[in-house]
Amino acid sequence: QPSFAAMPEIKTSDISPNLDQQKMFKELWWLNYCFCQGQGVGAVGNPFFGSEAVEFCIHAKCQMTDIGGPFCSQLNVMCCITEQCSFPPAEGSPICVCFNKKLAGADGFSGLKLFDWEANFA
């Protein structure tokens with residue numbers, strides 16, 4: 001009979017002390033909650049918004065701690081697919097790349113971090 005490892009549980013996120021499992025269930029004003037996820041309003045501005053999730057082998061974090069510089073950005077890595085988006089564009093980043101072919105923009109970027117991994121596109 002196969003044995004499956006228990007899913008990791010996030011009790012307190014390292015993003016913000018406000019992303020604490022017990023604190024959120026007691027103090028958030030919930031917009032919705034269904035099954036295993038939901039959205040709620042808490043201490044606005046600390047951070048402006050944040051999330052952390054573990055789903056099978058995917059661990060995701062999201063936060064907005066400041067407005068501007070860049071206005072918004074994301075960096076995703078899932079299996080063999082890497083996505084990077086930033087507005088304004090990250091310094092040196094191409095504007096459009098499909099199947100590793102640069103279609104527009106600069107030649108590359110480096111230094112964008114996701115957890116312990118650093119993205120380098122050249």
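1. Secondary structure. The protein, here a predicted model, contains one helix and 10 strands. Read from the N terminus, the order of elements is α-β-β-β-β-β-β-β-β-β-β, with the helix α1 spanning 21–27.

2. Burial and surface. The protein has 122 residues, and 13% of them count as buried. Its accessible surface is about 9900 Å². Carbon and sulfur atoms account for 59% of that surface.

3. Contacts along the chain. Among contacts in the protein with a separation of 6 or more, 26% are between residues 24 or more positions apart.

4. A cis peptide bond. The bond from phenylalanine 87 to proline 88 is cis, and its omega is near -5 degrees. Proline 88 sits in the loop that runs between β6 (81–87) and β7 (94–98).

5. The largest pocket. This pocket holds about 1300 Å³ of space. Its lining is made up of 38 residues, and those closest to the pocket centre are Met24, Trp30, Gly38, Ser51 and Glu52. Two or more lining residues come from each of α1 (21–27), β1 (29–34), β2 (37–41) and β3 (49–55).

6. Make-up of the lining. Which element gives the most to the lining of the largest pocket? That element is β3, with seven residues. By residue class, the lining of the largest pocket has 19 nonpolar, 12 polar and seven charged residues.

Note on methods:
Residues are numbered from 1 along each chain as its sequence is written. This is a predicted model: local features need pLDDT of at least 70, side-chain atom pairs count only at pLDDT 80 or more; totals for chains, interfaces and linings use all residues. Side-chain values use heavy atoms; hydrogens and water are left out. Helices (H or I, at least four residues) and strands (E, at least two) are DSSP runs, numbered from the N terminus. Buried means under 20% relative accessible area, exposed over 50%, partly exposed in between (1.4 Å probe, protein chains only). Contact means heavy atoms within 4.5 Å. Accessible areas come from the Shrake-Rupley method with a 1.4 Å probe; for residues, only the protein chains shown count as cover. On a 1 Å grid over the protein atoms alone, a cavity is a set of points where a 1.4 Å probe fits but cannot get out, and a pocket is an open set with protein on both sides within 12 Å along at least five of seven lines; lining residues have an atom within 4 Å of a point. Grid points are joined across faces, edges and corners, and a volume is the space filled by probe spheres set on the points. Ala, Val, Leu, Ile, Met, Phe, Trp, Tyr, Cys and Pro count as nonpolar, Asp, Glu, Lys and Arg as charged, and the others, Gly among them, as polar.
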